[in-house]
Amino acid sequence: MSYVQPIYRNRDDVTISPATPTKLQFQRRDRLPENQEVLWQIESGVARSITWSQEGELVCLGYWGAGDVVGHALSRVQPYEIHCLTNVEVSRWNRNQWAQLTDAIVHHQQQTEELLSIIHINPISQKLWQLLVWLSQKFGRNVDNGQTLELPLTHQQLAQTLGTSRVTVTRVLQQLEAEGKIRRQRRRLVVT
């Protein structure tokens, strides 16, 4: 479902956009439209930006939630897609409105660098642990003795984010659980 934004005309018959952006809704597994003239501010839900390596491997470029700004204009990576991991509501900001998004664009850059630094941690057990901590801080909810990761990620999606195999992620998750760093609760991970 989408909400239509009215277009206003001034006395010289020049089209101008109102100051408020258009709100749109997307379903889980939908892809946000490609448009170099638009930035999407996520109001609710979670999306991830992705590309593919030359070998055809999916590469995760970021995870984005409420308040985050995403869009093809923020990346020079090709191909570049933004997929909804949950139902997502976004505000559509046209290029002439981007000045209002300065803080959110800076935050986007900071999050990209945080994820990049996590991806370069070694060994893989520490890398996966730091990713889970980062994701739980961003998308988690406080519970007794930890934070529940409220994000439906598969072992394969975690592997794609870290550039490793699903088998390795499964093995390291079992190791982290044995060490008491994580626990499973109703199909969700709790980072302790």
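Predicted model: local features only at pLDDT ≥ 70, side-chain atom pairs only at ≥ 80, totals over all residues.
**Figure 1. Lysine 127 in helix α2**. Helix α2 covers residues 124–139 and includes lysine 127. Lysine 127 is buried and forms no salt bridge. Glutamate 57, the nearest side chain of opposite charge, lies 13 Å away. When neighbours within four places in sequence are left aside, the contacts of lysine 127 are Ile118, Ile119, Ile121, Asn122 and Leu162.

**Figure 2. The largest nonpolar core**. In soluble globular proteins, nonpolar side chains tend to be buried together. The largest such core here has 27 residues, and those touching the most other members are Tyr63, Leu132, Leu135 and Leu151. Two or more residues each come from β6 (58–64), α1 (102–119), α2, α3 (155–162), α4 (166–178) and β13 (188–191). Helix α2 gives the largest share, eight residues.

**Figure 3. Aspartate 144 in the loop between β10 and β11**. Strand β10 spans residues 140–143 and strand β11 spans 146–149, with aspartate 144 in the loop between them. The relative accessible area of aspartate 144 is 65%, so the residue counts as exposed, the cut-off being over 50%. From aspartate 144 to leucine 101, the C-alpha to C-alpha distance is 36 Å, and the two are 43 residues apart in sequence.

Note on methods: Residues numbered from 1 in each chain as written. Heavy atoms only, no water. Helix = DSSP H or I, 4+ residues; strand = E, 2+ residues; numbered from the N terminus. Buried < 20%, exposed > 50% of the residue type's maximum accessible area, 1.4 Å probe, protein only. Lys, Arg positive; Asp, Glu negative; His and termini not counted. Salt bridge = Lys/Arg side-chain N within 4 Å of Asp/Glu carboxyl O. Contact = heavy atoms within 4.5 Å. Core = buried A, V, L, I, M, F, W, Y, C linked by side-chain atoms within 4.5 Å.
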